[in-house]
Amino acid sequence: MILPGEAPPDFRDAHVAIIGGGPAGMVAAEVIAGAGVAVTLFERMPSLGRKLLMAGRGGLNLTHSEPPDRFCERYGEATAWMRPLLAAFPPSALIAWCEGLGQPTFVGSSGRVFPRAMKASPLLRAWIRRLESLGVRFVSRAQWTGWDATGALTFADGSSYGADAVVLALGGASWPRLGADGGWTALLPDIEIAPLRPANCGFAVAWSATFRSRYAGTPLKRIALSFAGRRIEGEAVITAQGIEGGAIYALAAQAREMIAREGSALLQVDLRPDLAFSALAQRLAGPRGSASLSTFLRKRAGLSPVAIGLVQEALHAGETKPLAALVKALPLRLTAPFGLARAISTAGGIALGELDERLMLRRRPGLFAAGEMLDWEAPTGGYLLQGCMATGVAAGRGVLAWLRETRP
Ligand SMILES: Cc1cc2nc3c(=O)[nH]c(=O)nc-3n(C[C@H](O)[C@H](O)[C@H](O)COP(=O)(O)OP(=O)(O)OC[C@H]3O[C@@H](n4cnc5c(N)ncnc54)[C@H](O)[C@@H]3O)c2cc1C
């Protein structure tokens, strides 16, 4: 269990409200209720942790095993801000917490950490049981709508709730059908909020009709993408509108910003990252004879049909580079990020400068915030859940510190 680290003073009559039943809100509830404080967790959906369950569909990537400094750098512009929060709740603490809930973990070949069950459902069930055993009261179908004149929280059904401290953990705005839709931005008019934007998202590409009809839904395996001085090896998937998948997500933040500035972003795709340019050039130097381009590329360069399709797309678009250069650095122009509704996560949110080191809003004493609703972003690889959990723990501990300070 995640304990606050200090002997709890007498908080018996304090009441804390958490709004948002995702990982950030649930872990804040665990920290606060673990210190003996009464916690009520409000969630607009009928059940908790819907996005967490969805995250477990493709294998729940909890965190990453890389060294702490490298790990922190994944948070880009928010690295310095995140560092102390991650030091206070590092990946090792998240792993120990997961295992404490009866879910052993393992490190995958890429260094990513998963629960052995891969799914989120056993972890979520055990977590809810723990929160119940700590006395956390759950109120589902409770859509928070703001505050009334007395400062009590108000809900869409007309009810209200007065709390000594409140943690907002309302999530971002991706996959809104799972609950987090970004509607909270209208409820905090006095707080600086960076516009919510898609992160870890796919991008539109102007495929030809032939390529689209033939390859939409096809994975592009073992490729390397180069963009803005970075090279990412991995996989992507062709979609009817463009391209998505892990290697694309890793470059999504920079690509999104470049598109916002310049209208498009030009990536280079290495379709044979395992083969040196010189070796490939040698293989493609021989005469093609009567073989079609497609057969030639398949036999000599070992390209898959979809990779050959990409080369043909580039040639039809007027590319004149030699074949080997095209295979090693195929230009791919991204014209727009896919919408927030399909993104894995959300960039933007409450400006970090609005929060003190306890994650309390400087302008609203007693109001704390955590999770994806804050203005940080990170690639996939376990950094999202780790960031949500670390900020949730910090907000939980912050609430306890605040109660200690302000209550006699
Ligand atoms: C398909 C997919 C796969 C993913 N896979 C991974 C992965 O493998 N690893 C990883 O690290 N991350 C992954 N993520 C991201 C991760 O799930 C999120 O970053 C994380 O769930 C965010 O936690 P949160 O608590 O901040 O917000 P959320 O989990 O979104 O929870 C916020 C909660 O607040 C509630 N809420 C919102 N507004 C209100 C309101 N007005 N009143 C009451 N309740 C409200 C919502 O209903 C929601 O339940 C994935 C995401 C998706 C979509």
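**Exercise 1.** In this predicted model, find the bridge partner of S226 in strand 14.

*Solution.* The partner of S226 in strand 14 is R231.

**Exercise 2.** Give the strand order of the open sheet of seven strands, and state which strands stand at the edges.

*Solution.* Read across the sheet, the order is 17-16-13-14-15-12-18, and the pairing is antiparallel. The edges are strand 17 (330–334) and strand 18 (336–337). Each has a single partner strand, so one side of each lacks a neighbour in the sheet.

**Exercise 3.** Describe how helix 10 and helix 11 pack, starting from the angle and ending with the residues in contact.

*Solution.* Helix 10 (residues 293–301) packs against helix 11 at an angle of about 130 degrees, and the axes are 10 Å apart. Angles over 145 degrees count as roughly antiparallel and those from 65 to 115 as roughly perpendicular; helix 10 is therefore oblique to helix 11. The crossing of helix 10 past helix 11 is right-handed. On the helix 10 side the contact holds L293, S294, L297 and R298; on the helix 11 side, I308, V311, Q312 and L315. By class, the residues of this contact are five nonpolar, two polar and one charged.

**Exercise 4.** N200 and R222 are not glycines but have a positive phi. Locate each residue and decide whether it is buried or exposed.

*Solution.* As background, most residues other than glycine have a negative phi. For N200, phi is about 50 degrees. N200 sits in the loop between strand 11 (193–199) and strand 12. Its relative accessibility is 2%, and the cut-off for buried is under 20%, so N200 counts as buried. For R222, phi is about 45 degrees. R222 belongs to strand 13. Its relative accessible area is 64%, and exposed means over 50%, so R222 is exposed.

Technical notes: Residues numbered from 1 in each chain as written. Predicted model: local features only at pLDDT ≥ 70, side-chain atom pairs only at ≥ 80, totals over all residues. Heavy atoms only, no water. Pairing = 2+ DSSP bridges. Helix = DSSP H or I, 4+ residues; strand = E, 2+ residues; numbered from the N terminus. Axes fitted to C-alpha atoms, helices over the stretch in contact; angles between N-to-C directions. Parallel < 35°, antiparallel > 145°, perpendicular 65-115°, else oblique. Left-handed = near helix turned anticlockwise from the far one by under 90°. Contact = heavy atoms within 4.5 Å. Nonpolar A, V, L, I, M, F, W, Y, C, P; charged D, E, K, R; others polar. Buried < 20%, exposed > 50% of the residue type's maximum accessible area, 1.4 Å probe, protein only.
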